Amino acid sequence: LADLRARSERLESLGTLAAGAAHELATPLSTIAVITQEVERELSSGKLTDQTISDIQTVRSELDRCRDILDRMSTDAGLAIGETLVKTTVGELVEEAVDGAGDPQAIQVTFADGAATVPLEAPLHGLAQAVRGIIKNAVDASGPQPRVECRVTASNDRFTLQVQDSGTGMDAETLRRIGEPFFTTKEPGKGTGLGVFLARNIIERLGGTLAFSSTPGEGTCVTIQLPTRLPAPGQAGASDLAGHGQLF
Ligand code: ADP
């Protein structure tokens, strides 16, 4: 039963992604349809004008936009599907997550004694991508000189990563809605509103938790807690992970 539920949750998040891709692609595709009709008319009337050239450029830039949307969606789909579990360490996971999250000068990482070498069994790349999204959000919420602190503590069976920023913070409405699929306050094209939704999905599937505390104008602290070993079969979040070595 737990197996079925986990599988249907994953299908649901993939369905959500597909719906998102369809929704986002609709606008550039209808622009392309309208403009190519226009160009067709211009060509069949034998009139090639500057307008024709600029129409073709618009089609090209709308196609670029479609490609960007698909790129973002395929990154998110990778997160939703998950991947094979690998033996790694807490340090390696955090390093991979921080890598590419923003200007290295802006992100400070501290490990409590021994935390970096604690062994971890996890879908390394998918999980690192999820955590990277959380760190990127912290950078995005900060001003021109972001300062994000990542603090890692660990015991034998769990580790905690806190991502603290001194950015815009979130108002009550944003805090309530964060993690809802497609909820974003970023400009169109800048955010999918799927980062936290998918991060929570993968973290909870691994038996972990994701929590936000935030004060508008002061900043946000995101706390990620994860078990270092897979939960035993039948426990929350264990689903069909154990035994199969595969999330999907
Ligand atoms: P996206 O980044 O594509 O907008 P997310 O699901 O990652 O989607 O985030 C949803 C929204 O949550 C963001 O648009 C932003 O409003 C808010 N948010 C997330 N992290 C932070 C943060 N550290 N500080 C302020 N707001 C945040």
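Q: Which element gives the most to the shell around the ligand, and with how many residues?
A: Helix 4 does, with four residues. Keep in mind that this is a predicted model, where local features need pLDDT of at least 70, side-chain atom pairs count only at pLDDT 80 or more, and totals for chains, interfaces and linings use all residues. Residues are numbered from 1 along each chain as its sequence is written. Helices (H or I, at least four residues) and strands (E, at least two) are DSSP runs, numbered from the N terminus.

Q: How many residues surround the ligand, and which are the closest?
A: A residue is near a molecule if its C-beta atom, placed from the backbone, lies within 6 Å of it. Here 22 residues surround the ligand, and N137, A141, T184, G191 and G195 are the closest. Two elements, helix 4 and helix 6 (195-205), each give two or more residues to this shell.

Q: How does the shell around the ligand divide by class?
A: Ala, Val, Leu, Ile, Met, Phe, Trp, Tyr, Cys and Pro count as nonpolar, Asp, Glu, Lys and Arg as charged, and the others, Gly among them, as polar. The ligand shell has 12 polar residues, eight nonpolar and two charged.

Q: At what angle do helix 4 and helix 6 cross?
A: Axes are lines fitted to C-alpha atoms, for helices over the stretch in contact, with angles from 0 to 180 degrees between N-to-C directions. For helix 4 and helix 6 the axes come within 9 Å and cross at roughly 140°. That makes helix 4 oblique to helix 6 (under 35 degrees is roughly parallel, over 145 roughly antiparallel, 65 to 115 roughly perpendicular, the rest oblique).

Q: Which residues make that contact?
A: Contact means C-beta atoms, placed from the backbone, within 7 Å. Helix 4 brings G126, L127, A130, G133, I134 and N137, while helix 6 brings G195, L198, A199, I202 and I203. By class that's seven nonpolar, four polar and no charged residues.

Q: And where does helix 3 meet helix 4?
A: The axes of helix 3 (residues 90-98) and helix 4 (residues 124-141) come within 8 Å, crossing at roughly 55°, which makes helix 3 oblique to helix 4. L93, E96, A97 and V98 of helix 3 meet L124, L127, A128, V131, R132 and I135 of helix 4. This contact has eight nonpolar, no polar and two charged residues.

Q: What is the strand order in the sheet?
A: Strands pair if DSSP finds at least two bridges between them. Five strands form an open sheet, ordered 2-4-5-7-6, with mixed pairing. Strand 2 (107-111) and strand 6 (209-215) are the edges: each has a single partner strand, so one side of each lacks a neighbour in the sheet. On average, neighbouring strands are turned by 15° against each other, direction ignored.

Q: In what sense do strand 6 and strand 7 pair?
A: Strand 6 and strand 7 (residues 219-227) run antiparallel over seven bridges. S214, for one, has T220 in strand 7 as its bridge partner.

Q: Which strands do the helices touch?
A: Helix 3 packs on the sheet against strand 2, strand 4 (148-154) and strand 5 (158-165), and its direction makes about 165° with that of strand 4. Helix 6 packs on the sheet too, touching strand 6 and strand 7, with its direction at about 135° to that of strand 6.

Definitions and conventions: Contact = placed C-beta atoms within 7 Å.
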